[in-house]
Structure formats: structure tokens, C-alpha cells
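Biologist: Before I use this model, I would like to know what stands behind the words used for it. Please set each value against its definition.

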Amino acid sequence: MLLAILVLPLSGYVVNAFAQAEQQAEQTTNPRSDTWRQVRQANEGYTAVKGRETNELIQGSGQNWRQLRNGPMATYGSWLLAFVLVAILGFYIARGRVELTHPRSGKTIERWTLNERRLHWTTASLFIILGITGLSLLYGRHVLIPLMGYPGFSAYASIAKWLHNILGPVFMVALFTILIKWFKHNFFTKTDIEWFKAFGGMVGDKHPSAGRMNGGEKVWYWTLATAGVALCFSGLVLDFPNFNQEREIIQIAHIIHLLTGLVLISFSFGHIYIGTIGTEGALEGMTTGQVDVAWAEQHHDLWLQDVQQQSNEHNKKEE
Amino acid sequence: MARMKFLCDAERCIECNACVTACKNEHEVPWGVNRRRVVTIDDGLPGEKSISVACMHCTDAPCQAVCPVDCFYTTDDGVVLHDKDICIGCGYCFYACPFGAPQYPQEGAFGARGKMDKCTFCAGGPEEDNSQEELDKYGRNRLAEGKLPLCAEMCSTKALIAGDGDIVADLFRSRVVRRGGRPDSWGWNTAYKD
């Protein structure tokens with residue numbers, strides 16, 4: 001009782017102290033630092049000046065983009081491209097060309113129709129132009145300016161930029177047509193697992209079975225169907241600034257575009273090598289459309305069987 | 001050599017936009033391009049602050065770092081300038097710049113960018129000082145005439161100051177000391193002091 005009499009009147013101090021502490025807690029931030037904190041958090045303000053994101057005083061993400069692009073992207077990208085080229089050269093020296101194991105039979109069958117070849121070479125030439133112009137924008141400052149000088153590289157770069165912007169959407173149409181046209185040939189099957197286990201016949205003398213598309217071609221297809229599609233859509237974001245997309249979106253799109261572009265370019269080195277000097281008799285399939293039966297037997301045996309079966313049935317029907 | 005700097009005193013800026021207008025007029029900046037703008041934080045709320053911003057002429061300039069054709073250069077005065085003959089209008093400097101300084105006149109369809117334009121600290125470009133060519137491309141070169149940027153010269157409350165970094169810093173420090181932590185152009189204490 002005595003204790004209560006002594007303590008209770010003091011409770012007012014406790015309440016008061018709490019209230020004071022609360023008030024102080026509210027005022028712990030300096031109003032001026034609050035302003036600058038808002039600025040650093042890229043909060044939107046008001047401005048009378050019309051234009052893209054003019055009401056944002058400071059955008060912080062640009063510095064991240066700069067460091068990603070100039071740092072890891074440019075550095076590891078060049079390493080990746082160099083590594084792939086060196087690996088291909090090393091493989092060519094070690095293994096050499098994958099020759100035909102049986103002599104040419106002289107008989108040929110159609111591997112790619114005229115339409116497929118047109119589509120392939122349209123996409124391929126666009127890819128090469130876009131790849132070279134794109135790499136010029138990333139590495140030209142370090143590689144081409146010392147060769148061409150500032151005015152020379154500037155003149156080339158403005159043409160490169162224009163070409164890249166114009167041909168990008170055209171490439172997108174061509175790529176999407178290819179992806180749709182060859183979609184049904186590119187599902188992975190058990191044959192492909194065996195194909196990968198034998199390294200596609202590139203190492204050793206085994207000749208793993210393959211249908212019309214082998215495992216490697218399917219991987220290239222699905223790389224294009226994922227990274228290629230991401231490349232196209234991120235490219236559209238960059239190509240059309242008239243929709244007033246925010247810088248942060250552009251920066252993300254740019255990093256995606258760089259990453260997928262570098263992956264596809266390094267992948268295309270392998271594709272080009274295998275399709276030309278790496279494999280005897282492969283290029284003629286895409287130029288003339290016809291491949292030798294011996295080549296088909298070696299590289300795409302299951303497809304050859306299908307084709308022969310179909311033509312047999314066709315002949316039977318005609319009889 | 002002086003190291004040129006801009007400083008905007010947020011306690012003094014009254015968002016009159018005179019700096020924006022002065023700049024646009026002095027340099028005959030094309031339609032749609034603004035080298036300087038005033039941004040107001042907490043507009044219409046207690047604690048509202050306005051800040052005038054343009055190119056801050058960074059020492060480690062992001063625009064300079066990302067330019068694919070390397071068209072930027074820093075003068076002996078620490079002013080970041082660019083060569084419009086080299087610029088290809090790719091937009092990278094706009095992505096990288098924290099202050100949104102680089103601007104592009106629209107050239108052609110789909111928002112295709114023309115050559116970049118930005119604040120030159122009234123120092124022109126790589127052309128001969130005060131030549132007609134320099135005037136056409138970059139506007140007046142006041143620095144070559146021994147004058148400071150017009151935006152700051154024009155500022156009615158002297159919120160925006162431009163010049164040698166040491167002098168600008170001393171000026172601002174003396175203001176801060178005088179204020180003693182209180183805003184000196186804001187609220188009842190300023191207008192109705194006894």
C-alpha cells in the first residue's frame with residue numbers, strides 16, 4: 001500500500017518521458033537530409049521542363065549499367081569470344097576435319113528445300129552484319145579507333161548504328177520464321193542423349209544416330225529460341241525510344257541484349273565451323289540443297305531411313 | 001588552373017526557371033532540348049525544395065566512360081565537353097548520366113536521335129573559340145570571353161553559383177556558417193523577424 005502511494009504519483013513522469021521520446025524519434029531525421037535522401041532514391045519531383053524523365057533529379061541506376069557494361073560484360077565477353085575461337089582452332093588442329101568414312105556414292109538426296117535455304121542465308125547474313133556492327137559499338141572504341149582514327153570510326157559507327165537499328169527488326173522476322181518452320185524437328189529424343197554421349201561423332205570414330213536434326217542442331221535451335229528471342233525483344237526496347245521507356249528499362253534491356261548477343265555470337269562460331277570446314281560434305285546441303293547419301297548415312301542415318309521409306313511407299317503407291 | 005563547378009543552394013532556389021530560360025536564349029538551344037532544368041521535391045508540401053540541375057561536369061564522367069566513339073573530353077578547367085562531329089547519337093550517355101544532362105534533337109522516325117546536346121558550362125566545343133561554327137553547334141563560349149555561365153550570372157537569389165570550385169566552396173561555406181543550421185530564406189523566421 002505504502003509502495004503504491006509512493007510509486008503511483010510518479011507514473012506521470014514515465015508517461016511524459018515516453019511521449020517525449022516518441023516526439024524525439026519523429027524528429028530524428030533532418031528535413032534537409034530528407035530532401036536529399038528523396039533525390040538519391042530517384043523519387044519523382046515536379047519540373048516545368050518537358051522531356052523524358054526530366055522530373056527525376058538524379059538517377060542512380062546509370063552508374064550500375066556503366067559498371068556492368070564497361071566491366072564484366074566487355075571483359076568476360078571478349079574472353080568468351082577469344083576462348084571459343086581458340087578452342088575451335090585447337091580442335092581443328094587436334095582432330096582435323098570430320099571426313100566422310102565411306103566414299104561418296106554419287107547419289108544425292110534433298111536435305112534443305114529452296115525456301116529453307118533462302119531463310120537460312122537471309123538470317124545468317126543479317127546475323128553476321130548485326131554481330132559485326134554490334135561488336136563495333138562495344139569494342140570499336142578500343143579496337144577500331146586506333147586503326148581508323150576518331151573521324152573514320154565515327155563515320156563507320158554512324159552507318160553501323162543505322163544498319164543495326166534498321167536490320168534488327170528484319171532479323172527478328174527471319175529468325176521467328178525459322179523458329180516456327182523448324183519447330184517440329186527440334187524436340188529432344190532418346191537418340192539425342194546417345195548422340196551427346198558420343199560427342200556427336202566429333203571425338204573418336206563412332207557415328208551416333210541422328211534424325212533430320214542432330215543433338216547439336218537442336219541445342220543451337222533452342223539457344224536461338226531462348227537467347228535469340230530475348231535478344232530480339234530487348235533489341236526492340238532499345239530500337240524504339242519514341243515510346244518514352246524509362247532509362248532503367250533501357251539499361252536492363254541493354255544488358256540482356258549484350259549478354260545474349262555475346263552468347264549467340266560465340267555459339268555461331270561453332271555452328272559456322274561445323275557447317276563449313278569442320279565437316280566434309282555439310283556445306284553443300286545448305287548451298288545446293290543436296291547431300292550425298294554417304295554423308296546422310298554417316299551423320300543423319302535415321303533421317304535417311306525415313307526419307308528412303310517414304311520414297312519407297314511413294315513408289316509403291318505409284319505402281 | 002581553376003576547377004569549374006556548379007552548385008545549387010537548395011535553401012535559396014525559388015524555382016523561377018530564369019536559369020533555364022537564360023541558357024536556352026543564350027545558346028539558341030533547339031526546340032525540345034533543355035540543357036538545364038529545375039526540379040522541385042515535395043512540390044506544394046511543407047519542406048518543398050527546388051534544385052536547378054544541368055551537366056555537373058563530373059571528374060569521372062559516366063558519359064565519357066560509355067561513349068562508343070569516345071567523343072567526350074575534359075578541358076583544363078575541368079569542363080566536360082563533346083565533339084558533335086564525332087557523336088553518333090546512340091543515347092548511351094543519356095542512359096549513364098545521373099543528372100539526365102544529355103539531350104537529343106529528334107531526327108527521323110521512331111524517335112531516332114540526332115547528335116547529343118548538353119550543357120557546355122558556356123565553354124563551347126572543340127572548334128575555334130567564338131567562331132561561327134562553334135556558335136552554331138554549341139552556343140556561346142562565354143568562358144573564352146572571360147565570363148562565367150549565364151544561368152548562374154542570371155540567378156535572382158544567387159542560389160545557382162558557378163565558377164572555380166574553391167571560390168564556390170568558400171562562398172557556400174560562409175552561407176552555411178551564417179545560417180547556423182537554419183534555413184535563411186524560408187518560412188516565418190525570414191519574413192517576420194523582429
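Biologist: What makes up the contact between chain B and chain A?

Modeller: The contact takes 34 residues from chain B and 43 residues from chain A. Two residues are in contact if their C-beta atoms, placed from the backbone, lie within 7 Å. On the side of chain B that touches chain A, β2 (37–41), β3 (49–53), α2 (62–66) and α3 (92–96) of chain B each supply at least two residues. β2(B) gives the most, with five residues. Helices (H or I, at least four residues) and strands (E, at least two) are DSSP runs, numbered from the N terminus. This is a predicted model, in which local features need pLDDT of at least 70, side-chain atom pairs count only at pLDDT 80 or more, and totals for chains, interfaces and linings use all residues. Residues are numbered from 1 along each chain as its sequence is written, while chains are lettered from A and ligands numbered from 1 in the order in which they are written.

Biologist: What joins β2(B) to β3(B)?

Modeller: Five bridges, with the strands running antiparallel. Thr40(B) stands opposite Ser50(B), and Val39(B) has Ile51(B) as its bridge partner. The three strands form an open sheet in the order β1(A)-β2(B)-β3(B).

Biologist: Why are β1 of chain A and β3 of chain B said to stand at the edges?

Modeller: Each has a single partner strand, so one side of each is left without a neighbour in the sheet.

Biologist: Why is β3(B) called largely enclosed?

Modeller: A residue is buried if 20 or more other C-beta atoms lie within 10 Å of its own, exposed if 12 or fewer, and partly exposed in between, with C-beta atoms placed from the backbone. Five of the five residues of β3(B) are buried, so the strand is largely enclosed by the rest of the structure. Lys49(B), Ile51(B) and Val53(B) cover one side, and Ser50(B) and Ser52(B) the other. In β2(B), four of the five residues are buried. By contrast, α12(A) is hardly covered, with one buried residue among its 18.

Biologist: Which residues have the most contacts inside the largest nonpolar core?

Modeller: Among them are Cys63(B), Cys93(B) and Ala96(B), in a core of 59 residues. α3(B) gives the most to this core, with five residues. A nonpolar core is a set of buried Ala, Val, Leu, Ile, Met, Phe, Trp, Tyr and Cys residues joined through C-beta atoms within 7 Å.

Biologist: What is the mean pLDDT of chain B?

Modeller: The mean is 90, and 92% of the residues of chain B reach 70 or more. pLDDT is the predictor's confidence in each residue, from 0 to 100. Among the elements of chain B, helix α7 (residues 188–191) has the lowest mean, 53. Where pLDDT is low, the predicted coordinates should not be read in detail.

How values were computed:
Two strands pair if DSSP finds at least two bridges between them.
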